[in-house]
Amino acid sequence: MPADLILKLVALSVAKKVSVFLIARTYGFSRLYRRMMRANRFVFASSPTTRHKVSAAVQYSFRLPRFIAERFRSCAAPTSSPPSRPPPTQPP
């Protein structure tokens, strides 16, 4: 029984993340980023240091998936081997 509950919680967590990703993709990541920066300027208008920290955190969170994907691709890519020479041809 506890394993079923844990499995359901994991499935719900993954479904939630996928739905947020699909909504963000539909709305547009650039529009979402601009809207978040505008809200950041409005909320932290009187505190430039906090506004800068939040801005850096938002930028990092938008760039993190691409950074992880690039790292994964570089680790998963097969190493290149030196080109092999073609087999010698036999004279007729």
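Helices are DSSP runs of H or I with at least four residues, numbered from the N terminus. On that basis, the elements of this chain run α-α-α from the N terminus on, with 3 helices and 0 strands in total. The model is a predicted one. Of the 92 residues in the chain, 7% are buried.

**Helix α1 against helix α2**

- Helix α1 spans residues 2-27, and its axis comes within 6 Å of the axis of α2, with a crossing angle of roughly 95°.
- Angles of 65 to 115 degrees count as roughly perpendicular, and α1 and α2 are therefore roughly perpendicular to each other.
- On the α1 side the contact is made by Phe21, Ala24, Arg25 and Tyr27, and on the α2 side by Phe29, Arg31, Leu32 and Arg35.
- By class, the residues of this contact of α1 with α2 comprise 5 nonpolar and 3 charged, with no polar residue.

**Helix α2 against helix α3**

- The axes of α2 (residues 29-43) and α3 come within 10 Å and cross at roughly 165°.
- An angle over 145 degrees counts as roughly antiparallel, and this description therefore applies to α2 and α3.
- The crossing in which α2 passes α3 is right-handed.
- The contact of α2 with α3 has 8 nonpolar, 3 polar and 2 charged residues.
- From α2, the residues Phe29, Leu32, Tyr33, Met36, Met37, Asn40 and Arg41 take part, and they meet Arg51, Val54, Ser55, Val58, Gln59 and Phe62 of α3.

**Ser55 in helix α3**

- Ser55 belongs to helix α3, which covers residues 48-76.
- Ser55 has a relative accessible area of 16%; the limit for a buried residue is under 20%, so Ser55 is buried.
- Leaving out residues up to four places away in sequence, Ser55 touches Met37 and Asn40, both of which are among the α2 residues that meet α3.

**Aromatic pairs**

- The count of aromatic pairs comes to 2.
- In the pair of Phe21 and Phe29, the ring centres are 5.9 Å apart and the planes stand at 40°, so the pair is tilted.
- Phe21 is partly exposed, at a relative accessible area of 43%, and Phe29 is likewise partly exposed, at 36%.
- Tyr33 and Phe62 form an edge-to-face pair, with 5.4 Å from centre to centre and 75° between the planes.
- Because Tyr33 lies in helix α2 and Phe62 in helix α3, this pair ties together parts that are 29 residues apart in sequence.
- Tyr33 counts as partly exposed, at 25% relative accessibility, and Phe62 is partly exposed with a relative accessible area of 28%.

**The loop between α2 and α3**

- Phe44 is placed in the loop between α2 and α3.
- The relative accessible area of Phe44 is 27%, and this residue is partly exposed.
- Apart from its neighbours within four places in sequence, Phe44 is in contact with Thr50, Arg51 and Val54.
- Phe44 and Val54 are 10 residues apart along the chain, and their C-alpha atoms are separated by 9.0 Å.
- Arg51 and Val54 are also among the α3 residues that α2 meets.

Methods. Residues are numbered from 1 along each chain as its sequence is written. This is a predicted model: local features need pLDDT of at least 70, side-chain atom pairs count only at pLDDT 80 or more; totals for chains, interfaces and linings use all residues. Side-chain values use heavy atoms; hydrogens and water are left out. Helices (H or I, at least four residues) and strands (E, at least two) are DSSP runs, numbered from the N terminus. Buried means under 20% relative accessible area, exposed over 50%, partly exposed in between (1.4 Å probe, protein chains only). Contact means heavy atoms within 4.5 Å. Axes are lines fitted to C-alpha atoms, for helices over the stretch in contact, and angles run from 0 to 180 degrees between N-to-C directions. Angles under 35 degrees count as roughly parallel, over 145 as roughly antiparallel, 65 to 115 as roughly perpendicular and the rest as oblique. A crossing is left-handed if the near helix is turned anticlockwise from the far one by less than a right angle, and right-handed if clockwise. Ala, Val, Leu, Ile, Met, Phe, Trp, Tyr, Cys and Pro count as nonpolar, Asp, Glu, Lys and Arg as charged, and the others, Gly among them, as polar. Rings of Phe, Tyr and Trp (its six-membered ring) pair if their centres lie within 6.5 Å; planes under 30 degrees apart count as stacked, over 60 as edge-to-face and the rest as tilted.
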